Amino acid sequence: MGCAAVFVRHDALGDAYICLTLVGVLVSGFVTDLIGIHSIFGGFVFGLAIPKGGRFAERLIERIEDFVSGLLLPLYFASSGLKTDVAKIKGGRAWGLLALVISTACAGKILATFVAAMAFLIPAREALALGLLMNTKGLVELIVLNIGKEKKVLNDEIFAILVLMALFTTFITTPTVMAVYKPARGGSTPRTHRKLHDLSGDDELRILACLHSSGNVQSLMGLTEATRSTKNSSLKLFVMHLVELTERSSSIMMVQRARKNGFPFFARFRKAGEWRDQMAAAFQAYSQLGRVKVRPTTAVSSLATMHEDICHVANEKRVTMIILPFHRNWRVFDGDGKEEEENVGHGWRVVNQRVLKNAPCSVAVLVDRGFGANTVHTPGPGLMVGVAQRICIVFFGGPDDREALELGGLMAEHPAVKVTVVRFRPSPSNGFEGSNVILRPIHSKSGDNRYSFSTAPINGEKEKELDDVALTEFRSKWDATVEYTEKEANNTNMIVEGVVGIGKEGGYDLVVVGKGRVPSSMVVKLADRPAEHAELGPVGDILASSGRGIVSSILVIQQHGGGGHAEEAPVLKIAESSKNEQPLATDGPSTNV
């Protein structure tokens, strides 16, 4: 009750300060107009006196920006347009003057910025793009022109010419910049298709780990430490803090806090809040513990283009795997077993989906339920010493599961990690192994409620052979340190119960599964189940769903497709039949698994 009263009092004081600020703007404008200076200068000077940082500035912007940008600005622009009489521009002299004004305005801004940028060794293409951006005109220009017209400094003809100049230079900015500078859309660096299977013993493992907030740091560091090889290869970790850039001025303020390094904006962690300092300190300490090279950066971008920035950095840094935090995380309390959910929003889910579709390397999505909490950090050049992490690799078959097995091999090298491989096999006694499933793509705008599988023809026998070879090599190499078990399943319910049982029993801190884009004969049976998180695949979706009592964190891995497995589509399971029967005919392309 006391806390509620405090919060109410705090909100009331904040509203009072906002009202006083708006009254101060009006009074300042009235006073300056009274002494013969335009009222806008009074409001401008009063605005300079308001602190630009801190919670009050952000709260003030949050409360009044929608009203100003949604109502007052359009009305002001409309008023300026009504004052502009293009018919006043008559004759060749007037139109020639318009062309001269536009040419002079563009040349002055673009050339001056270009020369200054080249002097600081900025590449010519980026220098030209910067000049084009500086050439744009906006609200300030219109305000100055309207003041000049009100004071009779500008006649109707000159006012119309200058307004058209401002409009022209603003309208040409977007197409010219897009034509000159395309940072993450087809750069000069060729896309490198990398996955864990491509690594040799001497190769450096490069991981791009993304995070939304300080809540992702613990699980990210725990996963990185478990992945770090202790023998041949070294690890380089690129940590990217993802910050959403919106049209609000508060987002622009966040960008201004960072050191700008190009477009989109990437910057090393700076003092932009206490929790950012904590993240930077945590990763700096972690980089000093062993052979881990940590490169923290910040990406400030809109959610619509965030995936381009992630994929661009992954391509430029030649990373082997991208680690993404799931948009929903759960914390399980030991006392009553209840789950507390943290949801950062659907927009971040779309970012993950787009990264999974366009990534130049393998991708892992981490569903965090407290992974890494038992790791004890100790200083020194050696390993982190702590409670052994128990990690389970669930193997059904297919490229994604084989990539998960490769990750399990890296984890098996760590002395503080206990790896268990659980292979699900069909039961031949029930005819489950000898049945066919026909999948047909669904032509739908939204595939969020259907799992997506590869549209390329699948050679089941070849995939099974590759699975057997991968498991044989894995067991021959790690049989002494890795526990291997097999489970048989006679039907779909047994698959679901077996997978849920692994997550519920509490014997594993992390369960690693493949997404299953090229499904095995068992995973494909789950194709017609309603999907809650289709981007995780059938098995990952089962383990990530709430309400099942699962306590283990989940890592869903997608191997980089390359070749025929790159294209995916939502599918519908049509029928199951014996291998001796003819497949059911369909009216569209289908996959027979």
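Predicted model: local features only at pLDDT ≥ 70, side-chain atom pairs only at ≥ 80, totals over all residues.
**Exercise 1: a histidine in a loop**

Find where His560 lies, and decide whether His560 is buried or exposed.

*Solution.* Next, check the accessibility. The relative accessibility of His560 is 10%, so His560 counts as buried, given that buried means under 20%.

**Exercise 2: the nonpolar cores**

Which residues of the largest nonpolar core touch the most other members? Trace the contacts of Leu208 too.

*Solution.* Begin with the core itself, which has 49 residues; Leu208, Ile310, Ile322, Phe396 and Val511 touch the most other members. Helix 16 (residues 492-504) supplies the largest share of this core, five residues. Now pick Leu208 and set aside its neighbours within four places in sequence: its contacts include Phe238, Met240, Ile310, Val313 and Ala314, and Val319, Met321, Ile322 and Ile323 are also among them. To finish, turn to a second, separate core of 44 residues, whose members include Ile207, Met221, Leu237 and Val417.

**Exercise 3: the cysteines**

How many disulfides does the structure hold? Then classify Cys19 and Cys392 by accessibility.

*Solution.* The disulfide count is zero. For Cys19, relative accessibility is 48%, so Cys19 counts as partly exposed; the exposed class needs over 50%. Cys392 comes out at 0% and therefore counts as buried.

Note on methods:
Residues numbered from 1 in each chain as written. Heavy atoms only, no water. Buried < 20%, exposed > 50% of the residue type's maximum accessible area, 1.4 Å probe, protein only. Core = buried A, V, L, I, M, F, W, Y, C linked by side-chain atoms within 4.5 Å. Helix = DSSP H or I, 4+ residues; strand = E, 2+ residues; numbered from the N terminus. Contact = heavy atoms within 4.5 Å. Disulfide = S-S within 2.5 Å.
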